[in-house]
Amino acid sequence: MNVLTWEDLDETARTDALRRGTAAAGPEVTEGVARILRQVREGGDAALLELTARLDGAELTSLRVSTEDRDAAVAGLDPDLRQAITEAAGRIRTFHAAGMQQGYAVETAPGVVCQRVVRPIRRVGLYVPAGSAPLPSTALMLGIPAQLAGCPEVVLATPPRPDGTVDPAVLAAAAECGIDQVVLVGGAQAVAALAYGTETVPACDKIFGPGNAWVTEAKRQVSTAEGGPGIDMPAGPSEVLVIADSGADPEFVAADLLSQAEHGPDSQVVLLTDSRPLAEAVATQVEEQVESLPRADIARKALASSRLVVTPDLATAVEVSNDYAPEHLILALRDASAWVPRIDRAGSVFLGDHTPETLGDYCSGTNHVLPTAGAARFTGGVNVGAFQIAMTVQRATPQGLAAVGPCAVTLSEAESLHAHQRAVTRRLARTQGQP
């Protein structure tokens, strides 16, 4: 990895330096996704089986994982892994339960009571990617908030292995969350099935889950179609930005960068530091550490679009980070907490030398389904509220109508909406005894 100097770059070079690889996905992905969505919408289960055979190399006779197969897979799971899933689930549940939204009621005028009531989304679809590695942690990150929200129906979709089975750890995570509808389908076709429904897969009201550029584009397309489902957020290829000072440990920083680079060839990792010696030491560590990774080939492809950048000071690094709006932000700083008030755009922030991003991925308790591609500018990670809708309820007594009705009359007159106005004035006339 080459070390860049921020002050030596003009505006165009700075933009290019931080350009995400997915920005160039373009027409090929858009058109390919549209074809898959159309095929699934028209062909249902038969289309899913054909796509699964062609794209995942798995010949299936059924798309649904039976309860018996799920229970058998869970029973055969390594006890240590099962215990780790249970421990992680406990911490995720504790964190998310503490932040659940609550309904409330308030009297806004004498005789006028307004309420906010919370309801679970009726049917949600959870996409758990597998790709080159299964992700039971994602099943926990999505399933636990859905469970806490009280969603009546939860459907989990995940790609099959070549032998037509699901990784048992994913099934164990699903069982931990009380999910009994698991379907064997991945990629854009999984999003299509969850959006439109097939003979086996029920259409869902909202779709959650991260994925590659194809999954992200599929979520975008189905959510913008008429009558389409909601989606959690644009959650595409993984990314991490590290801000480090001269006291940071190059070995740790390099390990953090590689932990995201190994996710996929389209992942992006960035280091911002005010110390050139630190940047150069990290570059050396990255080259040394990548050699011993089982997923070294994947990590090297990601590193090709990643950057080590020297900024004139840490304040500049924070400004650059806020503009970039990373999915994960690691502050490898001597007084990391003091910098948090200046961070206003990031999916999840990790403080100090002993808080690797890996903890958030698995078991600290926060959610790892986070906004990518700069979406942290306007949204945050998945939480229980994402699985709920909030309705407002109001009731006015005759006294309340008399108190607030004249305000509505004046405003509706200003907008020339006289039917609105008369819905109030007719009632006022009746309650005030006018003819």
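A salt bridge is taken here as a side-chain nitrogen of Lys or Arg within 4 Å of a carboxyl oxygen of Asp or Glu. For charge, Lys and Arg count as positive and Asp and Glu as negative, while His and the chain ends are not counted. The model examined is a predicted one, in which local features need pLDDT of at least 70, side-chain atom pairs count only at pLDDT 80 or more, and totals for chains, interfaces and linings use all residues. Residues are numbered from 1 along each chain as its sequence is written, and side-chain values use heavy atoms, with hydrogens and water left out.

Glu327 sits in the loop that runs between α12 (314–324) and β12 (328–332), and His328 belongs to strand β12. Helices (H or I, at least four residues) and strands (E, at least two) are DSSP runs, numbered from the N terminus.

Glu327 counts as buried because its relative accessibility is 4%, and His328 is likewise buried, with a relative accessible area of 2%. The classes are buried (under 20% relative accessible area), exposed (over 50%) and partly exposed (in between), with a 1.4 Å probe and protein chains only. Despite its burial, Glu327 has no salt bridge: Arg20, the nearest side chain of opposite charge, is 8.2 Å away.

Polar contacts do reach this pair. The term covers N or O atoms within 3.5 Å; within protein, one atom must be able to donate a hydrogen and the other to accept it, and residues adjacent in sequence count only if both atoms are side-chain atoms. The side chains of Glu327 and His328 are joined by such a contact of 3.4 Å.

Leaving aside residues up to four places away in sequence, Glu327 touches residues including Pro237, Glu239, Ser348, His368 and Leu370.

Ala373, though not a glycine, has a positive phi of about 55 degrees. Ala373 lies in the loop between α14 (357–362) and β14 (388–396) and counts as partly exposed because its relative accessibility is 46%.

Definitions and conventions: Contact = heavy atoms within 4.5 Å.
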